[in-house]
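Here are my notes on the model you sent over. Have it open while you read.

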4 protein chains.
Amino acid sequence: MQPWKRKLRMGMVGGGQGAFIGGVHRTAAALDGQIELVAGCFSRDPENTRQTGAQLYLDPARCYDSYEEMATAEAKLPADQRIDFVSVVTPNNSHFAIAQTFLKAGFHVVCEKPMTFNLEEADQLCQLVEQTNLVFALMHNYTGHPLVRHARNLFQNNEMGTVRKVVVEYLQDFLMVPHEKLGHKQVIWRVDPTQAGVGGTLGDVGTHCVNLLEYVTGDPITELCADKSTFLPDRVLDEDVNVLLRFASGGKGVLTISQVATGEENGLRLRVYGSEGAVLWGQEEPNKLDLLRYGQPRQTLTRGRGEFLSESASACTRIPAGHPEGYLEAFATIYCGITEAIRAHLDGQPLKTEQYNFPTVYDGRRGLQFITQAVESCAQGSIWMPMT
Amino acid sequence: MQPWKRKLRMGMVGGGQGAFIGGVHRTAAALDGQIELVAGCFSRDPENTRQTGAQLYLDPARCYDSYEEMATAEAKLPADQRIDFVSVVTPNNSHFAIAQTFLKAGFHVVCEKPMTFNLEEADQLCQLVEQTNLVFALMHNYTGHPLVRHARNLFQNNEMGTVRKVVVEYLQDFLMVPHEKLGHKQVIWRVDPTQAGVGGTLGDVGTHCVNLLEYVTGDPITELCADKSTFLPDRVLDEDVNVLLRFASGGKGVLTISQVATGEENGLRLRVYGSEGAVLWGQEEPNKLDLLRYGQPRQTLTRGRGEFLSESASACTRIPAGHPEGYLEAFATIYCGITEAIRAHLDGQPLKTEQYNFPTVYDGRRGLQFITQAVESCAQGSIWMPMT
Amino acid sequence: MQPWKRKLRMGMVGGGQGAFIGGVHRTAAALDGQIELVAGCFSRDPENTRQTGAQLYLDPARCYDSYEEMATAEAKLPADQRIDFVSVVTPNNSHFAIAQTFLKAGFHVVCEKPMTFNLEEADQLCQLVEQTNLVFALMHNYTGHPLVRHARNLFQNNEMGTVRKVVVEYLQDFLMVPHEKLGHKQVIWRVDPTQAGVGGTLGDVGTHCVNLLEYVTGDPITELCADKSTFLPDRVLDEDVNVLLRFASGGKGVLTISQVATGEENGLRLRVYGSEGAVLWGQEEPNKLDLLRYGQPRQTLTRGRGEFLSESASACTRIPAGHPEGYLEAFATIYCGITEAIRAHLDGQPLKTEQYNFPTVYDGRRGLQFITQAVESCAQGSIWMPMT
Amino acid sequence: MQPWKRKLRMGMVGGGQGAFIGGVHRTAAALDGQIELVAGCFSRDPENTRQTGAQLYLDPARCYDSYEEMATAEAKLPADQRIDFVSVVTPNNSHFAIAQTFLKAGFHVVCEKPMTFNLEEADQLCQLVEQTNLVFALMHNYTGHPLVRHARNLFQNNEMGTVRKVVVEYLQDFLMVPHEKLGHKQVIWRVDPTQAGVGGTLGDVGTHCVNLLEYVTGDPITELCADKSTFLPDRVLDEDVNVLLRFASGGKGVLTISQVATGEENGLRLRVYGSEGAVLWGQEEPNKLDLLRYGQPRQTLTRGRGEFLSESASACTRIPAGHPEGYLEAFATIYCGITEAIRAHLDGQPLKTEQYNFPTVYDGRRGLQFITQAVESCAQGSIWMPMT
């Protein structure tokens, strides 16, 4: 690749004081020294934006009171100053409007998941991205882990055979207590269907499961049958869901998620049993991947071991084996894929998203489809709903 | 307890050369020095029985050509010689007839699971046990593990609150290859519906899951919704099943089982998340139980630690903490409970099965109900079926 | 092998009420159905012996008041009644006298470790065993684990190359509190140099380390340099010892043992790094063996997997992979080796101990040599002492 | 703390193309958005420096041909442009000269370990730092892990009692093959005593062990007794060392390190058994800390759990529990402590290093003392050498 003369310039919407994921995006985007944050509208509260910007050593002139103003003002800046892309890290119900605004203003967009408030918005966003021909990336960070990429590679190369059984789970106890009644900012919107959409846990962690498993296996879910629950009083959205899955290959699976699983921290775990082998990976210990084969000893593959890992896994590792990488590095790896795509676009190359390694607007739509169909399956007494 | 003057005398039906579980019953029954094997009909092939008996140093006169002959002959022996009970370790389709024969001849019975060929036989056996007032024990060995008993105790004492989520799994790769075509005796009958019944994996490992989870939680399954699969050609019974569960408490769960999960050995694992805490246990590492509580560090309880384990857990441990116990010891613990009950019966005490700690004919019926309803749920396209 | 007409007949010295290891020997010896306990002198207190014998359903006539009486009386019984061997499970200081008595009376002997009170007794016992040509087995039970035998096999076959580094540890907290002041029978003699000998922890757990590592590597310790500590008031024997090791191969090692390591249960763990590979095994999870090779993924070998384990490992496994075996099974495996040797002797075959798989009188002497040299190294300020 | 108007400006000596640790310093320093790299002399080869600088988007005018030039030129820049500090990431033998040059030019210094080529240089550097009153930080990154800080806190608060036993190990297979003969840049100087000093593995990983254990326990090593080995032909420095330790508290320990331990990646593990409790931590899974107490279940504390972790541990965590942090974050945390100290200095506050949390010049001297005394102990046949 040709050498680059400059870092990409990033803007952010959301992520002000009191937020969580915005800071993660900032750190992850900057990690590899290829992106610098230069502008933002971090909150609907201008004072919050101003203070956040000051802490980030931003030019106050580029800390905007509204995202609309930001899009307009940035678009008017000279090409060598204005942002290249914006990262949207607000609650679900505003993703679509913000993304739309920036896309229409000519900016590439990175967006938190779930992508939109509902499936209709997701469809519109797909159209808009196609029309603008800009980079749109959805942040499913877990696919940035080297060993997840290696697992995908094993299935792509058919080393694992066809899928027979998938067990995917994402268990937390994040919603065990009614934080929303205690003013916990990140919980308030998540349990409010007017902000989060029809899915609670389904959107917050369920979409990660779907993205992760389909990314690894390349074997799409064709049908699902779901049963959801809400345990805490006054909550209306799902806190816990169990789902039967069927795959295009004929394989079957279970997806089980919860945000009221006492004592679980961030238990995203994937196991896929194929006809020729099985892979087991969990994000809490992401530096290892267990590999099972019939009649052979269990193997534990570790990150950073180019001797036996695929090129796709080696390409996104920063430090040697045995020195643990974690959440931020995987997140940063998604930004690396985005960076490559935006630079190609800046170089005038035709945008072929499939060449780059980050989740797209179609992955975002897939997540909304999952939420929608799971909720509908439950509404009808756990009937099978199509995911095709 | 009053001292005992003698060991109990055990007979066995099944368990000849080439069998697996019969030997486990013999070793487990003898482990605590309270039971001695004195008679048997180990095979339909008298020569197998004769050789098996010789290897076990049995009196050839008490190695019988048929179980009917055995029941008759033993019943005629003097009270101080004849067997006290029989252990039935044959394929599923013969359990009922054999158990019936021995119960009618006045003998206590220990039986392998699943208890009978179908639910009708299970109902009849319940009646027969009630009529004879004899001890009938079903071998669900995993409930003999001390830490399973401790987990049960935690729920009984309400230390875990009400059940919110159960994740139970039993994954093996025992049926990964068509062993039945290669003459593997233990596989041939398991994949044959005329010998195994309507459930394959459902009966072989699924019933253990149901028994284990209901034993631990005390919270019965009220409904299930199942999806079963068969992957190998020429197989007709289920090899892999996923089931949504609902519990009397309002909790939910998933049960996922397979005998074609590549690389899995004997992966029975139970996780129960209650409103006040969670327990995690797996039979491959049975000497530890993980205990989670909201806002507290994870605890790993180890077997043999009377300082913090319940009396029920301490009572069935033989060796100090750190010295691993395993499969045989848990199996033996079930026999301890049976021994106590039979001795109480011999002492003329009224039989109150609930005082003793072993699975009963009703647990056996529960297993058949699970198999039957899961198969029916699948037949109707994964509808909810009652388990009440 | 020719079929056997009868079980071996076992006697026991020690192991009365209040003891621990005697019961383990009884259970382990009986586990495979080849040995029956028929006589014993379980305590210096005849009443204890009588009660213990009754609980074990023994003939009261063969529950003896003294071991001398037992040896004499058993020797006078007809050949088809008298014991074949005796298991000695008393405190260290009486091992020699008891073993000598029974050997001289013509009985094979199984003895707990450390073998004798001091090195001089060990030397005498070696001579006596050579003179009598009887089976003498020392109970180092941990070498009975199938995966320990597989590890040994890997070194024997030179698959691991030459030893570079050994890390062996045995950590407990058994002596954390002054149990001896609270009447704890098993502790009282262990902390008393007139009963235990010059080594405390060195004898109790250190000898297991030496036996295990030399068994696995086949590479004898040639020198050691030790530093021992005693932390609790009024204790005189070592509670914690660290030792530098040098091996015949040129490899090096550390041995670190403690009985005051807070929170450790029975942490015997061995790691051997050879020039071609490394093995890691711990007795608290004995059903797995980690195998490392340069540039390759870590492998976890599990017990019971004949597909990839050596014959020596498969030969001593009773149940399939995934069904955990533990302490008792390994202990029983040592008794299997002993049984084979005694039967060969009964068959009139010349005794070639090296054909059978159990620790011998020379292993016992090796343990005493270790204790003696480690204590001497400490006495001289941690100088190197020979182990050749 | 008062808000800051700008990031600190960092320079670097070493870390050009082909190097490893320089890139880690750059990423770690930048991670929290408080430091920007503005100048460097990345190699003795000016072309390497030029290319490295270009990849880092640096001003070519501040990419210097020699570190002497860099110190001089930067010192002449206006106060609002010149670097605040320099990070020295060259081989050991040049650390002292470079650090001296920058300290004398008035710059704060961050230096890789081992700090100097020998103990004499270390003594001189201590004096120089005292004279200049500038910030000097040594990079022992592992003390930046939140759970290491929590472990230290437990000992500081006397919750673990007095130290009885320390087992610290650092095992790698980094030097398993003669990489130095194959042109591996990072290995060539490490195995060359004219560049590395008298210690090989002792300096490269041994010093981390000493720093980590003394940081956690606060209990200094008072004596050591060592045995070192070299296995590969043509190597002269130690590849593998075992050391007996004695502590000021009366506790004892073993330190075992290797860079030829087949299959080990970066196995730094610390276990400390105190009279009241024990802590177990390993850097390959740094997000958990096992805590043992006598008679209680094992606890596993996880990073990010402010409910039960000390303030010192919570203060250096960036993301919630369950989202793994790793090597880079801990490294960055050391830079956070350095940043605080430099800012205080810039604010004109008297420098009190002990207020800040990073390893100092005295930790560096301690490392050299360890190397020196361990080598001397070996030279004299493993005698005890003082560490006071």
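1. UniProt, in an unreviewed entry, puts "domain: Gfo/Idh/MocA-like oxidoreductase N-terminal" at residues 8-137 of chain A; such annotations may be inferred rather than shown by experiment, and the positions follow the numbering used here. That stretch of chain A is 44% helix and 19% strand, with its end C-alpha atoms 15 Å apart (helices are DSSP runs of H or I, at least four residues, and strands of E, at least two, numbered from the N terminus).

2. Bear in mind that this is a predicted model: local features need pLDDT of at least 70, side-chain atom pairs count only at pLDDT 80 or more, and totals for chains, interfaces and linings use all residues. Residues are numbered from 1 along each chain as its sequence is written, and chains are lettered from A and ligands numbered from 1 in the order in which they are written.

3. On to chains A and B: 32 residues of chain B are in contact with 32 of chain A (C-beta atoms, placed from the backbone, within 7 Å). On the chain B side, the elements giving two or more residues include strand E6 (163-171) and strand E9 (252-258). E9(B) gives the most, with five residues.

Definitions and conventions. Contact = placed C-beta atoms within 7 Å.
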